[in-house]
Amino acid sequence: MADTTPEAHDGAAAGAYRPHETTVHYGPEFAAQLAALEAGVSPEEQEVIGALPSGSALLIVRRGPTAGARFLLDADVTVAGRHPEADIFLDDVTVSRKHAAFLRQGTAFSVRDLGSLNGTFMTGERIDDTVGLTDGCEVQVGKFHLTFYASRIDLSTSA
């Protein structure tokens with residue numbers, strides 16, 4: 001007797017290959033996780049970055065005297081410098097007392113040099129003005145190379 005199931009009529013038996021059902025779509029959160037893996041972000045760091053609330057970000061020191069240190073950006077202005085009372089204390093002679101400011105406007109972040117002697121660099125280029133930060137970009141303050149990570153909540157809502 002012939003099979004009269006709907007699958008038999010369209011030529012796709014249960015468990016058969018269905019090319020129209022094999023396309024997978026990945027969102028911005030997955031892309032950010034993949035980029036993090038390629039950038040050498042540890043699973044622990046990925047977990048911390050993934051837990052960031054909306055309107056916050058994280059800086060991780062990748063190179064410099066305190067490699068691995070993490071700094072939360074959750075205020076409208078966060079000053080990095082060698083002054084002991086700086087929000088981000090970077091203890092090295094290559095860093096000015098008030099070197100750079102990380103600015104938050106809503107869920108967007110930027111960095112501005114505060115007239116430092118050695119300058120502030122973003123992705124290898126010296127900045128002279130306020131420059132917007134993108135997820136995974138590198139900011140150099142003296143000997144410190146900091147990688148910026150935005151809240152994954154904010155990344156997924158901006159896509």
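Trainee: Where is the place of Asp92?

Mentor: Two ground rules come before that. This is a predicted model, where local features need pLDDT of at least 70, side-chain atom pairs count only at pLDDT 80 or more, and totals for chains, interfaces and linings use all residues. Residues are numbered from 1 along each chain as its sequence is written, and side-chain values use heavy atoms, with hydrogens and water left out. Helices (H or I, at least four residues) and strands (E, at least two) are DSSP runs, numbered from the N terminus; Asp92 sits in the loop between strand 4 (88–89) and strand 5 (100–105).

Trainee: Which side chain does Asp92 join in a polar contact of 2.6 Å?

Mentor: A polar contact is a pair of N or O atoms within 3.5 Å. Within protein, one atom must be able to donate a hydrogen and the other to accept it, and residues adjacent in sequence count only if both atoms are side-chain atoms. For Asp92, the partner side chain at 2.6 Å belongs to Thr94.

Trainee: Leaving aside neighbours within four places in sequence, which residues is Asp92 in contact with?

Mentor: Contact means heavy atoms within 4.5 Å. With the neighbours within four places in sequence set aside, the contacts of Asp92 are Pro65, Arg82, Lys143 and Phe144.

Trainee: Lys143 and Asp92 also meet in a salt bridge. How many residues apart in sequence are the parts that this pair ties together?

Mentor: A salt bridge is a side-chain nitrogen of Lys or Arg within 4 Å of a carboxyl oxygen of Asp or Glu. Here the N to O distance is 3.9 Å. Lys143 lies in the loop between strand 10 (138–141) and strand 11 (144–150), and Asp92 in the loop between strand 4 and strand 5, so the parts tied together are 51 residues apart.

Trainee: How many salt bridges does a search of the whole structure find?

Mentor: Glu44 and Arg70 form one of them, at 3.2 Å, N to O. That pair links helix 3 (residues 43–50) with strand 2 (residues 70–73), 26 residues apart. The search finds five.

Trainee: With which residue does Glu45 form a salt bridge?

Mentor: Glu45 is in helix 3, and the partner is in strand 1 (residues 57–63), 17 residues away. The closest N and O atoms are 3.2 Å apart, and the partner is Arg62.

Trainee: What is the separation of the C-alpha atoms of Gln46 and Tyr149?

Mentor: Gln46 is placed in helix 3 and counts as partly exposed at 24%. Gln46 and Tyr149 are 103 residues apart along the chain, and their C-alpha atoms are separated by 9.8 Å.

Trainee: Which backbone oxygen does the side chain of Gln140 reach?

Mentor: Gln140 is in strand 10, partly exposed at 23%. Beyond its neighbours within four places in sequence, Gln140 is in contact with Gly119, Thr120, Phe121 and His145. At 3.0 Å, its side chain reaches the backbone oxygen of Gly142.

Trainee: Which element gives the most to the lining of the largest pocket?

Mentor: Strand 6 (108–113), strand 11 and helix 4 (152–158) each give two or more residues. With three residues, the top contributor is helix 4.

Trainee: What percentage of the residues of the protein chain count as buried?

Mentor: The chain has four helices and eleven strands. Of its 159 residues, the buried share is 35%.

How values were computed: Buried < 20%, exposed > 50% of the residue type's maximum accessible area, 1.4 Å probe, protein only.
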